[in-house]
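My entries follow the order in which I checked them.

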Amino acid sequence: MALVPTDNLKAELQTFGITCEDDSVLDKMLELCICNRLDTDKMMSEWIAYSTTKDGLELTLDNLEHFEHELRNKKSKSKSSSWKDESYNRTRDIHSLEELIKAEEEEENLLDSYSTPGKSSQKRVLSTPEHPQSKRTSALLTSPGLLLSPANFSPSVTPSQKYSQRSGKGEVVVSFGAVQGARWTGRKDPGAGVQVNLLEQPDESLRSGYKYMFQRLRDVRNVLSEKIEEMGEKLRSRFSIEEFSAVSLPAQDSITVLGQICCDGNGKLNAQSVLLEAGPEHGGQLVPVDLSELKQYSLFPGQVVLMEGMNTTGRKLVASKLYEGDPLPFHSTGAKMETNEAAEPLNILVACGPYTPSDSLTFDPLIDLINVIVRDRPDVCLLFGPFVDSKHEQIEKAKVTETFETIFHRCIDSIVDGTRSVGCHLVFVPAQRDVHHEFIYPQPPFTLPNPSKDQSQAQRVTLVPDPCTLLIDGVTFGLTSSDILFHMGAEEISCGTSSDRFSRILKHMLTQRSFYPLYPPAEEVNMDYEKFQIHGQMLVTPDILVVPSELRYFVKDVAGCVCVNPGRLTKGQVGGTYGRLLIQRSAAPEDGKRESPCLTAQVVKI
């Protein structure tokens, strides 16, 4: 564009009825023409449109500064609009859609300023309390599918073909309890009045991160020794044993010894590699164990046991009897607890990540889960990580364009916003595979930015550590996202016991009174034993124990505790499963026998 002299620009202004004698204003106007590649006619048209919307602003230097800012904003939005025309069929994120909608509205405002008020000027949809935005626009701006578009954080937007072509959607694969007549559609006002609290005392609950990687071997040893002694006292009282013998002292009579099961090498435990390690009060030594005389047993490394047998040489214990402890009592809300028999049972949904197929970062499984929540309207949703899976191929190869924290916050925002109409209570449990979070066990709860941005939404979100004991309307839930079933299943040995390995492992968790009784832990679990001693032990036997795992889904009653493995929402490239439960706390029966609050449960394909 040719340079326009200042005198000519002054004459151009007069043709529009604008008089200006300030050379600095004319110079600024000339600068705007050059920088924005606009001729004087176009620039004057823009200024008139701008000044008209501002109640007829005078042409001054300050006003031109604000005008320049508006021009830059409009220019960037027009680029966004042209990008929309060039890539109409491309997956878009929520922010680009907001810019497109705003740009279209501002273009309509500019056209209206040039036209005579009439019917045509009323075609633009106003956004005021009297005339709210259209449902289409509101849906676009709040859709979790748009917020979770992979275009936000991945150069690859190809959806998973195997997931989209999966079969058996909505199929019930496991049922438990009285399923007939069960209503899985929640109440009209889900979550209203539902109390969700951690069972731990406020000063003992894990509510924030902590320093780790500073463990001393002596401290770990003290924690393990205290565990042996505490369990030993309970076993002594349970079986009325006067005293324990040292494991390494020769004895010609049968003795009773206390210790922890260990393996004599770095390999997998087997019947020939079992060692018994005593606590410091009983010598603190290890002795090999001969299991040949035991008719049945189920053992794993880290298990605290009471054994009876012969050790004539002091070098090997020939076990003849194995004692097993009892689970803790169930939580009691008190004898004066009143229950409303006519009250509807609570509908609880349980799901565990990952929430994307392994071959794509599209969150289609999570979007499908949100649709299930909107359809079934559960009272409480227990959602386990990983939300951004550290084992995902694109995460491992760093093929993302946004930070892990940003992707996680988009994921959480989409769940909260997508279930806004339902009003259900959301409980988020972290996992070791959440790539942005602290990978230590016990694991502190997630932290979210701007928690007070929307108080009504913040009140229905609960962030809990892993593991934890949750109290939902008087019903206790034991929650842990660590795959203890898989880890213990690889180490446990058994003989003459039930063929149901899941039930054996779950019973070990209850009798050892620990969310992770295995020692040493699996390589992928980074254990802080001092914190685990405080936060990793069961306070009571939970009414319902949720243990998500890579292993096959199930719902089982183990020693009166309903144990649920909902499976993972995705299994590789295909869809997985989620769980749902109907629970209702009933008044204590007259005969004193406990009734499980879990009325029925199902595992369903997504």
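At what angle do the axes of helix H2 and helix H3 cross? I noted first that this model is predicted. H2 covers residues 23–35 and H3 covers residues 40–53. Their axes come within 10 Å and cross at roughly 110 degrees. Angles of 65 to 115 degrees count as roughly perpendicular, so H2 is roughly perpendicular to H3. I looked up the handedness too: H2 passes H3 in a right-handed crossing.

Next I listed the residues that meet. H2 brings Met29, Leu32 and Cys33, and H3 brings Thr40, Met43 and Met44. I sorted the residues of this contact by class and got 5 nonpolar, 1 polar and no charged.

Then I turned to helix H10, residues 364–376. H10 has 13 residues and reaches 18 Å from its first C-alpha to its last. That is close to the 18 Å expected at 1.5 Å a residue. I checked burial in H10 as well. Among its buried residues are Pro365, Leu366, Ile370 and Asp376. Just after H10, I found arginine 377 with a positive phi of about 55 degrees.

How do H10 and helix H12 cross? H12 covers residues 404–418. The two axes come within 10 Å and cross at roughly 20 degrees. Angles under 35 degrees count as roughly parallel, and H10 and H12 are therefore roughly parallel to each other. H10 passes H12 in a right-handed crossing.

I listed this contact last. Leu366, Ile370 and Val374 in H10 meet Cys411, Ser414, Ile415 and Gly418 in H12. By class, I wrote down 5 nonpolar, 2 polar and no charged residues.

Notes:
Residues are numbered from 1 along each chain as its sequence is written. This is a predicted model: local features need pLDDT of at least 70, side-chain atom pairs count only at pLDDT 80 or more; totals for chains, interfaces and linings use all residues. Side-chain values use heavy atoms; hydrogens and water are left out. Axes are lines fitted to C-alpha atoms, for helices over the stretch in contact, and angles run from 0 to 180 degrees between N-to-C directions. Helices (H or I, at least four residues) and strands (E, at least two) are DSSP runs, numbered from the N terminus. Angles under 35 degrees count as roughly parallel, over 145 as roughly antiparallel, 65 to 115 as roughly perpendicular and the rest as oblique. A crossing is left-handed if the near helix is turned anticlockwise from the far one by less than a right angle, and right-handed if clockwise. Contact means heavy atoms within 4.5 Å. Ala, Val, Leu, Ile, Met, Phe, Trp, Tyr, Cys and Pro count as nonpolar, Asp, Glu, Lys and Arg as charged, and the others, Gly among them, as polar. The expected span of a helix is 1.5 Å times one less than its number of residues. Buried means under 20% relative accessible area, exposed over 50%, partly exposed in between (1.4 Å probe, protein chains only).
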